[in-house]
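Please keep the sequence and the model in view while I speak.

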Amino acid sequence: MKINQSGARFSAIVGIGEKIKKLSEKSGKEYLFLNRGINAVCNIDLTEVVKRIDFNSNTIQVYPPNSGFPKLKGAINEVYFQGKTNNENLTISAGGMGGLDLVFQTLNVTKILLPQFYWGAYAHISTIRRVPNETYLNLPQLKNEADTLSDTAVIVCDPNNPVGNKYADEEIIETVHKLNDAGAIVIFDSPYRRVFYEREDTMFSKLAELENVIIVESFSKSVGLSGQRLAFVNSQNEEFNRELGIRILYANNGINGFAQELVYELLTSPEGRKAVDDFRLKTVHDIKLNIKFLKEHRILAEEFYKDSDPMGIFVIVNRSEQELLDNYIGSVSLSFFTKDKKEEASAYARICVSAPHEKFVTFFSRL
Ligand SMILES: Cc1ncc(COP(=O)(O)O)c(C=O)c1O
């Protein structure tokens, strides 16, 4: 059998999770899985929400519309854009990963610029889609070099995965404007932002005004439903949306109707809104306490937060993956998230701070 080898590798993070599970089974010891990229303070409680869903309806049982339920897109427009985008600009995708893959294959650019420390999937998808990728240092560098980036797509991920740092919104908006005006394409992929921001947040509506900005937003993190594989892509560029619509048809033939119905209820019904608010309130409360604890105990690697603030759901700690593992804490070496600073980065690890505070303290007190 002849295979088209992509050159991409399977996620190292999945491998680390499997290794820790085996260690735990073998030793009988409990490990704290901070290597993962999900909110784990609590689950979202859907008990009252699912009661509202009619499982016998065509909405769930029959092929959904190609680019997503119009009513879900309408709700997204209200909740994420204060009504400032429209259904034609929005495409529902199979998770952020599925959305990013479609965006990368649709754009005609010579390269994709990633943050200095970046989520590995960006690089793997760009390898599979045969678009070269490079990295940028920070927002000031993007601003200075915007005029040279007219053939480039730039990823902005804020708060960042893996660093968990957040730049000031004014600085992000100023940088994105500069890139947009220079003809560069900005892919705003920031699925951790809405864990911390309410529906009044105007970032998306400000960015959606710009011709060259593509927003990819996932329901995996901010409503805790990574199992549903649901996200959306927003752009005001008609040609881009038309091609995206064709490619998503032959990739998915519509996105899971149940997931769309569920998220619609979460965004619009009183029961759904309460479930999301409760989930976010508990999650953000424990994340803040965990970051404070790390700061007080000098475990937070402060050098990564000089021009930006540690927000979560990840942070970088000044301990190695192995040292944390020796103390029954799962993490991912920072070296997995960079191309050119691997050796320096291996002294640090990324941990997920979205974990129950009490348990977090118990494990870190042993360090
Ligand atoms: C920065 C970033 N973007 C996008 C995603 C995609 O998430 P999903 O495919 O679950 O929507 C992730 C998931 O970890 C992520 O960390």
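This is a predicted model: local features need pLDDT of at least 70, side-chain atom pairs count only at pLDDT 80 or more; totals for chains, interfaces and linings use all residues.

Helix α5 and helix α12 (residues 238-252) pack at an angle of about 125°, and their axes are 10 Å apart. Here the axes are lines fitted to C-alpha atoms, for helices over the stretch in contact, and the angles run from 0 to 180 degrees between N-to-C directions. That angle makes α5 oblique to α12; by convention, angles under 35 degrees count as roughly parallel, over 145 as roughly antiparallel, 65 to 115 as roughly perpendicular, and the rest as oblique. The crossing of α5 and α12 is right-handed. A crossing is called right-handed if the near helix is turned clockwise from the far one by less than a right angle, and left-handed if it is turned anticlockwise.

Residues are numbered from 1 along each chain as its sequence is written. As for the element names, helices (H or I, at least four residues) and strands (E, at least two) are DSSP runs, numbered from the N terminus.

Which residues of α5 and α12 meet? From α5 they are L102, Q105 and T106, and from α12 they are F240, E243, L244, R247, I248 and A251. Two residues are in contact if their C-beta atoms, placed from the backbone, lie within 7 Å. By class, this contact of α5 with α12 has five nonpolar, two polar and two charged residues. In this scheme Ala, Val, Leu, Ile, Met, Phe, Trp, Tyr, Cys and Pro count as nonpolar, Asp, Glu, Lys and Arg as charged, and the others, Gly among them, as polar.

The axes of α5 and helix α6 (residues 120-128) come within 10 Å and cross at roughly 40°. That makes α5 oblique to α6, and α5 passes α6 in a right-handed crossing. M97, L100, D101 and F104 of α5 make this contact with A121, I125 and S126 of α6. The residues involved divide into five nonpolar, one polar and one charged.

What share of the shell around the ligand comes from helix α5 (residues 95-106)? It is the largest share, three residues. The shell has 13 residues, of which G95, G96, M97, S218 and S220 come nearest to the ligand; a residue is near a molecule or strand if its C-beta atom, placed from the backbone, lies within 6 Å of it. By class, the shell has five nonpolar, seven polar and one charged residues.

I turn now to the domains. The protein chain is divided into domain 1 (12-44 + 273-365) and domain 2 (58-270), with bounds that come from an automatic or database domain assignment. Their centres, taken over C-alpha atoms, are separated by 25 Å. The contact takes 31 residues from domain 1 and 25 residues from domain 2. On the side of domain 1 that touches domain 2, the elements that give two or more residues are α14 (270-296), β10 (309-310) and β11 (314-317). Of these, α14 gives the most, with eight residues. That side of domain 1 divides into 17 nonpolar, seven polar and seven charged residues.

Helix α14 also packs against helix α17 (residues 357-365): their axes come within 9 Å and cross at roughly 20°. The two helices are therefore roughly parallel to each other, and α14 passes α17 in a right-handed crossing. D286, L289, N290 and F293 in α14 meet H357, F360, V361 and F364 in α17. This contact has five nonpolar, two polar and one charged residues.

Finally, some points on the backbone. The peptide bond from D158 to P159 is cis, with omega near 0°, and P159 lies in the loop between β5 (152-156) and β6 (165-166). The peptide bond from G312 to I313 is also cis, with omega near 5°, and I313 has its place in the loop between β10 and β11. R130, although not a glycine, has a positive phi of about 60°. This residue, R130, is found in the loop between α6 and β4 (133-136).
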